[in-house]
Amino acid sequence: MGRVSDWANSRIIQDQIDRYLRPDGTDFIDEALIEKCLEEQKAPSADYIRQIILKSRELETLLPEETAALLNVTDPELIAEMEKAALEIKLKVYDNRIVTFAPLYLSSKCINGCTYCSFREGNEDSVRRVLTMEEIDREIKTLAGQIGHKRLICVYGEHPDSDANYIADTVKAIYNAKYTTRKGYGQIRRVNINAAPMSIEDLHMLNEIGIGTYQVFQETYHHKTYDEVHPKGTVKGDYRWRLYAMHRAMDAGVQDVGIGALFGLTEWKFEVMSLLLHSRELEDRFGVGPHTISFPRLEPADNAPGLEDTKDFHLTDDEFKHAVLCIRLSVPYTGMILTARENAELRDKIISLGITQTDASTRIGLGAYAETEQGDDQEAKRQQFIVGDTRSLDEVVQMLAKKGFITSFCTAGYRCGRTGQKILDALKSGHEGKFCKLNAIITYREWLDDFASPETIALAEPIIRREIQEVKDTNPKMFDALMKYYGKTEQGERDLYF
Ligand code: SAM
Ligand code: SF4
């Protein structure tokens, strides 16, 4: 136990918190301001809401009082206008593309005691594992060689057995794995990570090996609630070490950071306000906001006593939808991730509220892609919570096609330096959209040829033809180059991008 507690005691570097505090020693989650805005904007006028919608359409980040006003809208007519604007903003910034990914859980050992999570230390029922390199290879064989994923979010518990060196080794191993497919080969091309807050030094090392987005969810931004669900004396019990994780990441050179709140621990409007304050803080300090915002909702978890204590704050589906809508309008540039914690029916509805990324064929048991059949009764003990949507990637691509979305497997932005500020500038100028469309078409072709079922191919062909026609009409200079790459991809060449 000495090794583990020594490691835990060395995690937090106080100076890497204090340097970011405000001059009066407070942090940027100003609870009094949040409460004041929500109170003052209790009954916003329709005119004011329409003005705010116009501002969102201009792709401007909202002010706290504006987000508070949107959160308090109850009039169905105004909500319908907000929904319409949310989709329009998404189409303006990200076009009709949706990016898919899979979560890959690599370690369930954890030194923390989050009361809502099955991996918490002290849960004797949890079957603990840290995947070996051979086991990881088997997972990638299924994910990249059989399902066809190109992007992962790798998830790690906080433990010396899955420290920054382990994360680095696993990311490198994942990038190196390649598997033959129907017409070419499959490979993971972007590895995002969701891991505990780290020091600037560890983050710098991970940035050097080429991680994609670095994600840390604050869980709850409400100081008192945070302390209640994260036991004192644990590393995670330090609210500010977590709150400034993204500041450290940006100072370490990580361009794309992902923030999030675990909805259901406290009042949901408070969390949306806080996500806005977090985004504004990053914009003010680093000139660029978060690359993505996630809004996981608390799900049942095996042996997690905190779920009972927080049940008053569980959101209804309508409240959850409203939260998503307000995030879209408040931070118009940001990518938004909808996870498979939600069931298929709700996901299909929410996807049109401005979502940019979603997971598919999700399995969160350790080793579950390669090892278990669904329904294995041991699976609950091997996973962190229960997944709501277990549809395959093929089924999700079909659903998106039916809604007119093209699934993009593009990972080019990150590999050719279109990240962080650069991507935001490109998005604002409409430049990114043009490259992204070309890459979406090529990677869609690649995935269809390598992995899709005949039904999915039948639904996807009209979409791909429509997209090609659009390039011909709106971006004729690039049309020949597109068709050249498209033809090569049909011949089995892989990983071509602009
Ligand atoms: N251990 C790291 C950490 O806590 O930052 C890695 C991430 S943890 C394995 C992934 C995320 O799952 C957490 O940040 C939390 O938001 C979410 N999570 C934990 N318990 C959950 C539950 N019962 N339902 C839904 N999401 C949950
Ligand atoms: Fe550990 Fe993360 Fe689960 Fe908390 S949420 S117990 S830190 S794995």
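# Ligand and Helix Exercises

In this structure, a side-chain N or O atom of Arg-341 lies 3.0 Å from a nitrogen atom of ligand 1. The model is predicted, with local features needing pLDDT of at least 70, side-chain atom pairs counting only at pLDDT 80 or more, and totals for chains, interfaces and linings using all residues. Residues are numbered from 1 along each chain as its sequence is written, chains are lettered from A and ligands numbered from 1 in the order written, and side-chain values use heavy atoms, without hydrogens and water.

## Exercise 1

Find the residues that come nearest to ligand 1, then look at its polar contacts (pairs of N or O atoms within 3.5 Å).

Solution. 
- Step 1. There are 19 residues around ligand 1 (a heavy atom within 4 Å). Asn-194, Glu-219, Lys-236, Arg-242 and Glu-299 come nearest.
- Step 2. Take Arg-242. An N or O atom of its side chain is 2.7 Å from an oxygen atom of ligand 1.
- Step 3. Turn to Tyr-116. Here a backbone N or O atom lies 3.0 Å from a nitrogen atom of the ligand.

## Exercise 2

Which residues of helix 4 and helix 6 meet?

Solution. 
- Step 1. Locate the helices (DSSP runs of H or I, at least four residues, numbered from the N terminus). Helix 4 spans residues 46–57, and helix 6 spans residues 76–94.
- Step 2. Compare the axes (lines fitted to C-alpha atoms over the stretch in contact, with angles from 0 to 180 degrees between N-to-C directions). They come within 10 Å and cross at roughly 5°. Helix 4 is therefore roughly parallel to helix 6 (under 35 degrees).
- Step 3. List the contact (heavy atoms within 4.5 Å). Helix 4 brings Ala-46, Ile-49, Arg-50, Ile-53, Ser-56 and Arg-57. Helix 6 brings Glu-77, Leu-78, Glu-81, Met-82, Ala-85, Glu-88, Ile-89 and Lys-92.

## Exercise 3

Solution. 
- Step 1. Helix 15 covers residues 317–330. Its axis is 9 Å from that of helix 6, at an angle of about 50°.
- Step 2. Helix 6 makes the contact with Ile-79, Met-82, Glu-83, Ala-85, Ala-86 and Ile-89. Helix 15 uses Lys-321, His-322, Leu-325, Cys-326, Arg-328 and Leu-329.

Conventions: A polar contact is a pair of N or O atoms within 3.5 Å; within protein, one must be able to donate a hydrogen and the other to accept it, and residues adjacent in sequence count only if both atoms are side-chain atoms. Helices (H or I, at least four residues) and strands (E, at least two) are DSSP runs, numbered from the N terminus. Angles under 35 degrees count as roughly parallel, over 145 as roughly antiparallel, 65 to 115 as roughly perpendicular and the rest as oblique.
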